[in-house]
Amino acid sequence: MSSLQFDIAHLLAGSLVLASFMMLYQDRLYALLNVYALHAGVLALSVAWQAYVQHAPHLYVTALIALVFKAIIIPVALHRIIKRLGIHREIENVISIGLTMMAGIGLVALSMVVMLRVTPGADALAREDLAFALSVVLLGLLIMVTRRNAVSQVVGFMSLENGLVLAATGAKGMPLVVEISVAFSVLIAFIVIGIFLFRIRERFDSVDVQALDRFRGERR
Amino acid sequence: MTIDALGAILLIPAISATLLAILPGYLLTAKLNVVAALATFLTSLLLFVIETTSGQYLLLDDLNKVFIVLTTFVGFTTSVFSASYIHHEIEIGRLTPAFLRFYHAMYQMLMFAMNLALIANNIGLMWVAIEMATLTTVLMVGIYRTHEALEAAWKYFILGSVGIALALFGTILVYMAARPVVGEGMDGMVWTVLVKHAAQFDSALLNVAFVFLLLGYGTKVGLAPLHAWLPDAHAEGPTPISAVLSGLLLNVALYALLRFKMMLAVNSAAITPGPLMVTMGLISVIFAALMLYRRRDIKRMFAYSSIEHMGIIVFAFGMGGPLANFAGLLHMIMHSLTKSAIFFAVGHIAQVKGTQKIADIGGLTVTNPVLGWGLMLGVIAIVGLPPLGIFMSEFLVVSSTFARAPWLTVILVLGIIIALGGLVLRIGAVMFGEPKGKTAPAEASYVPMFTHLGLVMMAGIYLPPVLVTGFQNVAKLLG
């Protein structure tokens with residue numbers, strides 16, 4: 001593999017970690033969603049590049065799923081849901097931005113130390129990808145635990161899942177990558193539908209199922 | 001022929017799920033659900049008489065045979081219980097027929113997903129199956145659509161998703177470890193191939209992979225401190241689902257862990273998973289035993305008891321060796337049978353009394369003697385009093401590990417005794433106190449409950465030699 005190919009793959013995977021960091025400190029839901037769309041877009045680019053480098057055409061499908069489903073459909077759907085739930089003006093108090101960022105840096109350092117140490121045998125690209133992917137997974141977990149709003153927890157989970165897709169594509173020749181990304185898309189679609197159906201606002205403080213029944217004209 | 005029978009235990013639930021989603025009329029669909037579950041169970045028995053081979057996707061060996069038969073059997077008895085349970089729910093209007101159609105379809109989907117996870121020879125496929133089982137149970141836990149049920153379903157959803165995400169990362173790492181040895185492509189995920197070559201894998205990578213797998217699948221097993229979803233999901237969903245969750249789904253996640261443990265055992269340079277599993281098992285036992293004392297909801301209480309027993313099972317498998325594995329396996333089966341029987345009883349009791357609050361239920365042995373004594377028998381079994389099956393398996397767990405790790409065994413026994421105290425204290429008032437709540441006779445089907453309890457009692461007194469040798473073979477396989 002030429003060094004240019006490696007550098008580009010490295011750059012894209014690094015950008016994904018950077019996008020995760022950007023998600024950490026967003027305190028408005030719309031802004032968080034926009035950064036997530038960027039995150040998914042970077043993932044799509046990264047996966048497409050891997051498909052090109054590895055000569056693995058099936059990975060283009062995964063890249064396409066990332067681009068169409070995660071970077072466009074889901075953010076747009078969530079935008080509309082947020083508006084309908086009337087929580088688009090709300091500002092989330094993320095627990096002390098400085099502290100969260102420090103924790104994030106710590107997690108990235110941890111994943112670098114762990115992954116680079118245990119994979120001396122693997123080829124350089126796969127190692128770097130795994131280390132970045134673990135960082136994205138851990139940052140996703142951090143986003144989930146520092147948020148109280150159901151929608152932003154889901155966004156955190158989706159960024160975590162992007163990290164997994166990065167790891168799966170980085171592992172050269174791994175089978176079932178496409179199937180797994182489809183399975184995850186189904187999972188996410190269910191979650192998003194769940195938010196909408198159950199009208200989960202600020203973490204269940206006002207799950208108004210009665211209103212939902214009236215809305216659908218259903219009799220009890 | 002093998003593939004036919006193996007395929008059938010997947011096809012029957014899959015086809016009936018589709019049918020049940022289409023057909024109207026809950027009386028018919030409830031019966032169809034029972035018939036489908038029975039057919040799957042009978043097919044699973046066929047697996048014992050035919051030759052076994054394994055392909056790239058499906059696998060059949062002594063280990064998963066035990067799990068499959070247990071899963072399909074409890075699946076069948078629970079479907080019988082479910083039929084009489086939902087009949088009552090329809091009458092009081094807690095569920096509507098439209099929801100019921102969905103419920104039955106999901107029940108068969110869950111059976112399909114669990115069977116698939118058990119016979120998958122491919123670690124990627126196994127992961128997809130466990131994800132599917134999680135999704136279907138999430139949908140069923142939230143089916144009552146009350147505030148609490150939705151919160152429980154959401155919590156289960158988020159924690160379960162994070163769990164399976166970590167498990168997937170572990171799976172990818174296993175593939176990374178396998179790739180230099182077995183080459184790229186499908187072989188790197190086929191379990192039989194992985195086990196054959198595991199000795200040459202990079203041990204450091206395997207270690208990290210196992211940590212992720214333990215955290216990921218351990219969340220689904222309900223090991224403390226990853227158990228937070230379990231009590232809510234058990235308490236708020238329909239009781240048949242609590243029975244299936246406790247009796248089966250926890251086992252399926254454990255099965256996945258055992259498969260990876262077997263793989264690590266082949267690689268001598270990798271960490272031994274034993275100590276990690278023993279530690280998590282003991283923490284779960286002690287933690288759950290202490291939590292039993294402050295429970296107010298009867299289903300939640302038995303959910304904590306499930307955490308305790310999964311802790312004992314994981315402890316036994318973590319200790320390893322033929323004897324402890326045998327004890328762990330027996331304990332797992334006994335726990336599945338007993339806990340689902342308890343949930344059958346509790347389900348009907350909650351329906352009769354119209355509440356799950358322990359404080360509002362009293363004097364069951366007077367008001368509903370059959371249900372009351374049934375639950376009493378179940379509790380006697382679950383706390384491990386002789387001569388029932390759980391006494392036997394707990395005794396085996398303790399005695400087989402005492403010589404090797406006396407201090408750990410002392411902690412374990414302490415946990416078991418604390419749990420016994422908690423359960424007896426709570427259940428005493430429910431059983432013998434002043435009669436409280438409604439006293440209407442229960443329209444219950446007692447057959448599933450007493451079948452399970454009968455089996456547990458029989459196992460405590462006499463275990464047929466055929467079963468013993470069978471379990472011994474499995475225990476040897478587990479290493």
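**Two helices in contact**

Reader: Which residues of α3(B) and α13(B) meet?

Author: In this contact (heavy atoms within 4.5 Å), residues of α3(B), including B:F67, B:F73 and B:F81, meet residues of α13(B), among them B:L337, B:F343 and B:F344. The contact residues divide into 13 nonpolar, nine polar and one charged. The model is predicted: local features need pLDDT of at least 70, side-chain atom pairs count only at pLDDT 80 or more, and totals for chains, interfaces and linings use all residues. Residues are numbered from 1 along each chain as its sequence is written, chains are lettered from A and ligands numbered from 1 in the order in which they are written, and side-chain values use heavy atoms, without hydrogens and water.

Reader: Why are α3(B) and α13(B) called roughly parallel?

Author: Their axes come within 10 Å and cross at roughly 0 degrees. Angles under 35 degrees count as roughly parallel, and the two helices are therefore roughly parallel to each other.

**A residue and a core**

Reader: What makes A:I193 buried, exposed or partly exposed?

Author: Buried means under 20% relative accessible area, exposed over 50%, and partly exposed in between (1.4 Å probe, protein chains only). A:I193 has 48%, so the residue is partly exposed. A:I193 lies in helix α7 (residues 177-198) of chain A.

Reader: Which residues touch the most other members of the largest nonpolar core?

Author: Such a core is a set of buried Ala, Val, Leu, Ile, Met, Phe, Trp, Tyr and Cys residues joined through side-chain atoms within 4.5 Å. Of its 258 residues, B:F169, B:F302 and B:L375 touch the most other members. Helix α6 (residues 147-182) of chain B gives the most to this core, with 22 residues.

Notes. Helix = DSSP H or I, 4+ residues; strand = E, 2+ residues; numbered from the N terminus. Axes fitted to C-alpha atoms, helices over the stretch in contact; angles between N-to-C directions. Parallel < 35°, antiparallel > 145°, perpendicular 65-115°, else oblique. Nonpolar A, V, L, I, M, F, W, Y, C, P; charged D, E, K, R; others polar.
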